[in-house]
Amino acid sequence: MKGKELQRVKAALLSELDVSLQKYCHQRLKDVVNDLRLRHINVKPDSSPDEVFSVFLQSGVLKTMTAAPIVRMRESLERIRMGTFGLCALCGREISAKYLIQNPTTTRCASCDRESQRLMRPAGS
Ligand SMILES: [Zn+2]
């Protein structure tokens with residue numbers, strides 16, 4: 001994935017994080033960021049997605065949240081840190097930027113996702 005596409009994927013990930021935080025923790029992303037600033041963690045509301053992700057990982061703030069979508073989000077941030085983000089967990093190929101923007105926390109590429117959905121459907125349908 002090219003730099004520009006990756007930035008768009010990260011921006012999509014960040015907005016999904018915002019939505020998940022509101023839904024499951026009743027907090028806005030910017031409120032969580034402001035809380036971190038009160039704890040003297042150097043992050044600004046206009047920080048880049050990378051900066052926000054690394055602060056979230058370092059502070060462990062997502063570790064206390066156990067809702068499944070937040071856990072998936074935390075795992076995505078870990079994959080960004082490890083450099084494996086955007087690689088399909090099944091076939092190892094790069095997941096397209098378009099698919100990642102639609103499903104920022106997915107661990108499978110579009111064709112593996114389709115295949116696993118096909119296998120999960122009961123026979124005959
Ligand atoms: Zn795949």
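Modeller: Happy to, so let us take helix H4 (68–82). H4 has 15 residues, which at 1.5 Å a residue should span 21 Å, and its end C-alpha atoms are 21 Å apart, so the two values agree. The expected span here is 1.5 Å times one less than the number of residues in the helix. Helices are DSSP runs of H or I with at least four residues, strands are runs of E with at least two, and both are numbered from the N terminus.

Two notes before we go on. This is a predicted model, in which local features need pLDDT of at least 70 and side-chain atom pairs count only at pLDDT 80 or more, while totals for chains, interfaces and linings use all residues. Residues are numbered from 1 along each chain as its sequence is written.

Now look around H4. Its buried residues are Ile-70, Met-73, Ser-76, Leu-77 and Ile-80. They cover an arc of only 110 degrees around the axis, which means that they sit on the same side of H4. That arc is taken from the directions that run from the helix axis to the C-beta atoms. On the other side of H4, Ala-68 and Met-82 are exposed. A residue counts as buried if 20 or more other C-beta atoms lie within 10 Å of its own, as exposed if 12 or fewer do, and as partly exposed in between, with C-beta atoms placed from the backbone.

What lies over the buried side? The cover of the buried residues of H4 includes H1 and H3. Take H3 to begin with: its axis and that of H4 come within 10 Å and cross at roughly 110 degrees. H3 is therefore roughly perpendicular to H4. That label is for angles of 65 to 115 degrees; under 35 counts as roughly parallel, over 145 as roughly antiparallel, and the rest as oblique. The axes are lines fitted to C-alpha atoms, for helices over the stretch in contact, and the angles run from 0 to 180 degrees between N-to-C directions. At this crossing, Phe-53, Phe-56 and Leu-57 in H3 meet Leu-77, Ile-80 and Arg-81 in H4. Two residues are in contact if their C-beta atoms, placed from the backbone, lie within 7 Å.

Met-73 deserves a stop of its own. Leaving out residues up to four places away in sequence, Met-73 touches Glu-16, Leu-17, Ser-20, Leu-62 and Thr-105. Leu-17 and Ser-20 are among the buried residues of H1, and the cover of those buried residues includes H4. H1 itself has 23 residues and reaches 31 Å from its first C-alpha to its last, close to the 33 Å expected.

Met-73 and Leu-77 also belong to the largest nonpolar core, where they are listed with Phe-53, Phe-56 and Leu-62 as touching the most other members of its 19 residues. Helices H1, H2, H3 and H4 each give two or more residues to this core. A nonpolar core is a set of buried Ala, Val, Leu, Ile, Met, Phe, Trp, Tyr and Cys residues joined through C-beta atoms within 7 Å.

Finally, step back. Just after H4, Gly-83 takes a positive phi of about 80 degrees. The protein chain has 6 helices and 0 strands, and buried residues make up 21% of its 125 residues.
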